Amino acid sequence: MKTIKLSIIIILSIIFFADLYGQRNAFEYGLLFNVNGIHLEGEEWGGGAISIGSFVTRDLSKKVSGTVEIRYTQKGGNFEYSNAIGVQEYEIIKLRYLEIPVLIGFNSGSNIRKFSIETGFSYGKLINANMIFKDFTERPLKPIAENFRNMDLSWIASLKFHTGLNRKIVCGFRFSHSILSIHDYLKLYNMTFGFEINYLPFK
């Protein structure tokens, strides 16, 4: 939690001082929103979720940039198990994280980027874990629901592009996958993939 608080302070400080001293050519910052498909590797389709947050991007050269984000992210999926009479059933796992992705981007174009490819890693702090199960399965599955690890280290890849319709809007596609298992006893890995919109208020 100390790491998350420190990152929030750093990002807010960068935004404030970049705006104060007119460094908008060096720093780019804005808001982000994702509509994701979520999945637990090895299990069935997990449904839909969202991710929201903000970011700061710094140009490192004409073709390379660095980005730090803060995100509230929904993850999870369906958990498959055998019930008391041996029938396969599925229960819904809902996980909520506060994430800090750190990314490096490779950009086309010069002053105005036509598209960029980003990759990097994210540290996520679990803020809520919930398992929706039927009454008769609650007892045996409760230990599973209570033993999710409190962090998720993920690899991220994304493709972003300007639509050409509005300089303030950047669209893209994003994929992330856990590097380590998110559960103490089971080998479960978060995977998210979806469509992203970035809003750049000072573009």
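**Entry 1. Chain overview**

I began with the secondary structure of the protein chain, which comes to two helices and eight strands; helices (H or I, at least four residues) and strands (E, at least two) are DSSP runs numbered from the N terminus. I note that this is a predicted model, in which local features need pLDDT of at least 70 and side-chain atom pairs count only at pLDDT 80 or more, while totals for chains, interfaces and linings use all residues. Residues are numbered from 1 along each chain as its sequence is written, and side-chain values use heavy atoms, with hydrogens and water left out.

Read from the N terminus, the elements run α-β-β-β-β-β-α-β-β-β. I then looked up burial: of the 203 residues in the protein chain, 44% are buried, where buried means under 20% relative accessible area, exposed over 50%, and partly exposed in between (1.4 Å probe, protein chains only).

The protein chain exposes about 11,000 Å², and carbon and sulfur atoms supply 63% of that area. Accessible areas come from the Shrake-Rupley method with a 1.4 Å probe; for residues, only the protein chains shown count as cover.

For contacts (heavy atoms within 4.5 Å), I took the pairs at least 6 apart in sequence and found that 62% of them join residues at least 24 apart.

I looked up Leu103 and placed it in strand β4 (residues 88–107). Leu103 has a relative accessible area of 5%, so I list it as buried. Not counting residues up to four places away in sequence, Leu103 touches Ser65, Gly66, Thr67, Glu69, Glu118, Thr119, Gly120, Phe121, Ile156 and Arg174. For Ile156, which lies 53 residues from Leu103 along the chain, I noted a C-alpha separation of 8.0 Å.

Phe173 counts as partly exposed because its relative accessibility is 46%. With residues up to four places away again left out, Phe173 touches Ala157, Ser158, Leu159, Phe161, Gly194 and Phe195. The C-alpha atoms of Phe173 and Asn36 are 9.5 Å apart, although 137 residues separate the two along the chain.

**Entry 2. The second largest cavity**

I searched the whole structure for cavities of 30 Å³ or more and recorded two. On a 1 Å grid over the protein atoms alone, a cavity is a set of points where a 1.4 Å probe fits but cannot get out, and lining residues have an atom within 4 Å of a point. Grid points are joined across faces, edges and corners, and a volume is the space filled by probe spheres set on the points.

The second largest cavity has a volume of about 100 Å³. Its lining consists of 13 residues, and Arg71, Glu99, Arg174, Ser176 and Thr192 lie nearest its centre. Two or more lining residues come from each of β1 (27–40), β3 (64–82), β6 (151–162) and β7 (169–178). I noted β3 as the element that gives the most, with three residues.

By class, the lining of this cavity holds one nonpolar, eight polar and four charged residues. Here Ala, Val, Leu, Ile, Met, Phe, Trp, Tyr, Cys and Pro count as nonpolar, Asp, Glu, Lys and Arg as charged, and the others, Gly among them, as polar.

**Entry 3. Salt bridges**

Side chains of opposite charge can pair when their charged atoms come close. I counted nine salt bridges in the whole structure, each a side-chain nitrogen of Lys or Arg within 4 Å of a carboxyl oxygen of Asp or Glu.

I examined Lys75, which is buried because its relative accessibility is 2%. Its side chain meets that of Glu99 in a salt bridge (2.7 Å, N to O). Glu99 is in strand β4 and Lys75 in strand β3, so this pair ties together parts 24 residues apart in sequence. Glu99 is buried, as is Lys75.

Lys75 also meets Asp152 in a salt bridge (3.0 Å, N to O). Asp152 belongs to strand β6 and Lys75 to strand β3, so this pair ties together parts 77 residues apart in sequence. Asp152 has a relative accessible area of 0% and is therefore buried.

I then looked up Asp184 and Arg149, whose side chains meet in a salt bridge (3.5 Å, N to O). The pair links distant parts of the chain, 35 residues apart: Asp184 is in the loop between β7 and β8 (190–199), and Arg149 in the loop between α2 (138–145) and β6. Asp184 is partly exposed, at 41% relative accessible area, and Arg149 is partly exposed, at 31%.

Finally, I recorded one network in which salt bridges that share partners join Glu69, Arg71, Glu118, Lys160, Arg174 and Glu196.

Technical notes. On a 1 Å grid over the protein atoms alone, a cavity is a set of points where a 1.4 Å probe fits but cannot get out, and a pocket is an open set with protein on both sides within 12 Å along at least five of seven lines; lining residues have an atom within 4 Å of a point.
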